[in-house]
Each structure stands twice: as C-alpha cells, then as structure tokens.
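Hi everyone, thanks for coming. Let's take a short walk through a structure that may be new to you, so please have a look at it while I talk.

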Amino acid sequence: MKDRTVKLGRNDPCPCGSGLKYKKCCLGKSKPAPNDLKSLYAKKYKIRLKQAADIQGIREAGRLVIDTLDLVESEIRPGITTDEINTLVHDYTIKHGAVPAPLNYRGFPKSVCVSVNEVICHGIPGERVLKDGDIVNVDITSILNRYYADANKTFFVGTPGSKARKIVKVAKKCLGLGMAMVKPGNTIGDIGWAIQNHAESKGCSVVREFVGHGVGFDFHEPPQIPHFGRKREGIRLIPGMVFTIEPMINLGEKELVILSDKWTAVTKDGSLSAQFEQTLVVTDYGYESLTPYEI
C-alpha cells in the first residue's frame, strides 16, 4: 500500500489524550511538547516513541522485508517445501547484511514462520510439501542495522478453492480496515473494533491469543495491538508510535490448539486461517506503512 495520511478533523478526539474533541481542546493551541509525551508514554505504557532517524532505519529494514516477501511470492508453487521457503528467506536476508529475527528467538529453530492452511501462526518450516489449493502465510522479520521490521502475507498455492479465496479476502480487508483507524487521537481499541466488526460480519472469527505489537528497537515491544475490541478504548495513538497490525482470521471458530512443538498454533476445528501484517508508524495526521504493499 502507498504511504497514507489522514487529516485530523475538528470533531476527532484530541491527540493529547484529554478525551475532548480536537476543536474543544488543542485546536489552535501549540502542541504538547514532544519530550513531554515521550516521557509520559515511556513511563505510563513503556512505549518508546521513535524519532526521525529511527523511523528511517525501520523503513530500510522494512524495504528488505518486502523485497524478501516478493522473492518468496515468485517461488511459491505446488511441490515446494516449507523448508525451501526458509532457505530462500534466510539466504536473501544474510546476503543483504541483515539478520533473520526469528532464528533462535526463544528457541525457535528457523529463520521464518511458514503457516499452511489450518496453521494460524508460528509454523516451523520443515518437510511439508505445498499442494495445489493450499494457502500459506510467510511471516518475515528482519534486523538491519539494529532496527526491526515485520510483515507477512498469505499466498495461494496453485488454484485456490472458494473457501481459500474467502478467508484470504477477509483477512486482507481486515488489515486494511485496521490500518485506516491509525491516526493521532484514535485508540488501540478502534483498530481492534474495525477488524473484529468486519471479520464477524463475514461469518469468520478473530484469534484472541496472538496480537500485534510494538516493534523497531526490538522484536516485540509495548504496546500490544489486539485485533478485537471496542471503539474509543485503550491507549490513544500519538505520533512516533511504531507497531504491527497482523490480524489472524479463521474461517471457522476462533479457538486454537498449540501443537507439541510448543510453537505451531492451529485452528481447533481444522478450518482455514489467513493473516496479513504490516509495520506502521503514527504520523502527525495519520500513518505511514514502513512495510508497504498493496491491500
């Protein structure tokens, strides 16, 4: 998706976090001192706001992540193994001077998560062979010059069936709707509400156990970004926040099971699951995707 900004309206919640409308609070006034907000969010929420140089570093890492996803997409076909996808990602990342963040993270044994069909997330690459009609999510996080960026896509393998087309379409739309809620003054709950409302309106469900997260200085930082929630609840968004939105959407029920490898999460009812993810920074008037691709 192209970089996007959204103008702050007079009737929008004030980005200072007062709970008042912008026109009744800070419209026409000088903005709160950036250092004051930085200190407040660090102390209250443990959120580390990013400065211009940090955002540029994450943007560069994000460009590598998207280039890697593009490479994977060009190689996805029936007959490829999930371990061959891991090799593609690992070699390309190292070749470009970066480090694959998942490798050895809390004991994860591979460089990328590859999740097929009923696997929701954290699929460990191995000997599984992709078949015609499968869907496969490839989740890439790269560390470049100490900065982290994180994105994923769900791909069709060969010719998709109607169920595969539906869940991928719904999951992709959920990401777009969640991203559209990102602007100063909105809340984390607004993001989750938009995603949950759409998924459930299409007869699908939202996974609760795994959420988006802050990223940039580390793999996972505050805040958590649930993909379900209520409007106007949760932490207010302010410029400099960097986080992922990565809704995991099931065609059936939301419940999951963790397999014996203690990583792989699968739908309890065996239904298909799809996911799309981007890393975003909140700007003065909206957001910029630091891992942009078309939704």
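This is a predicted model: local features need pLDDT of at least 70, side-chain atom pairs count only at pLDDT 80 or more; totals for chains, interfaces and linings use all residues.

One term before we start: when I say that two residues are in contact, I mean that they have heavy atoms within 4.5 Å of each other. With that in hand, take Thr267, which is part of strand β13, residues 265-267. If we set aside neighbours within four places in sequence, Thr267 has contacts with Glu118, Ile120, Asn250, Glu255, Leu256, Leu272 and Ser273. Is Thr267 buried or exposed? Its relative accessible area is 3%, and buried means under 20%, so Thr267 counts as buried.

The average pLDDT of the protein chain is 93, and 91% of the residues score at least 70. Please be careful with residues 1-6, though, where pLDDT stays under 50.

Now to the helices. Helix α2 covers residues 52-75 and helix α3 covers residues 82-95; their axes come within 10 Å and cross at roughly 145°. That crossing is right-handed. Which residues meet there? From α2 we have Leu64, Asp67, Thr68, Leu71, Val72 and Glu75, and from α3 come Ile85, Leu88, Val89, Tyr92 and Thr93. Sorted by class, this contact has 7 nonpolar, 2 polar and 2 charged residues.

Further along is helix α4, residues 162-180. From first C-alpha to last, its 19 residues reach 27 Å, close to the 27 Å expected at 1.5 Å a residue. Its buried residues include Ala164, Ile167, Val168, Ala171, Cys174 and Leu175. Here is a handy thing to remember: an α-helix has 3.6 residues a turn, so residues three or four places apart point the same way.

Next, the loop between β9 (221-225) and β10 (242-245), where you will find Gly240. Gly240 is buried, at 7% relative accessible area. Beyond residues up to four places away in sequence, Gly240 touches Leu49, Lys50, Val281 and Val282. Arg232 sits in that loop between β9 and β10 as well, and at 43% relative accessibility Arg232 is partly exposed.

Let me finish with some backbone details. Most residues other than glycine have a negative phi, and most peptide bonds are trans. Arg232, however, has a positive phi near 70°. Arg106 also has a positive phi, of about 50°; Arg106 lies in the loop between β2 and β3 and is exposed, with a relative accessible area of 70%. Finally, Pro222 and Pro223 are joined by a cis peptide bond, with omega about 5°, and Pro223 belongs to strand β9.

Note on methods: Residues are numbered from 1 along each chain as its sequence is written. Side-chain values use heavy atoms; hydrogens and water are left out. pLDDT is the predictor's confidence in each residue, from 0 to 100. Axes are lines fitted to C-alpha atoms, for helices over the stretch in contact, and angles run from 0 to 180 degrees between N-to-C directions. Helices (H or I, at least four residues) and strands (E, at least two) are DSSP runs, numbered from the N terminus. A crossing is left-handed if the near helix is turned anticlockwise from the far one by less than a right angle, and right-handed if clockwise. Ala, Val, Leu, Ile, Met, Phe, Trp, Tyr, Cys and Pro count as nonpolar, Asp, Glu, Lys and Arg as charged, and the others, Gly among them, as polar. The expected span of a helix is 1.5 Å times one less than its number of residues. Buried means under 20% relative accessible area, exposed over 50%, partly exposed in between (1.4 Å probe, protein chains only).
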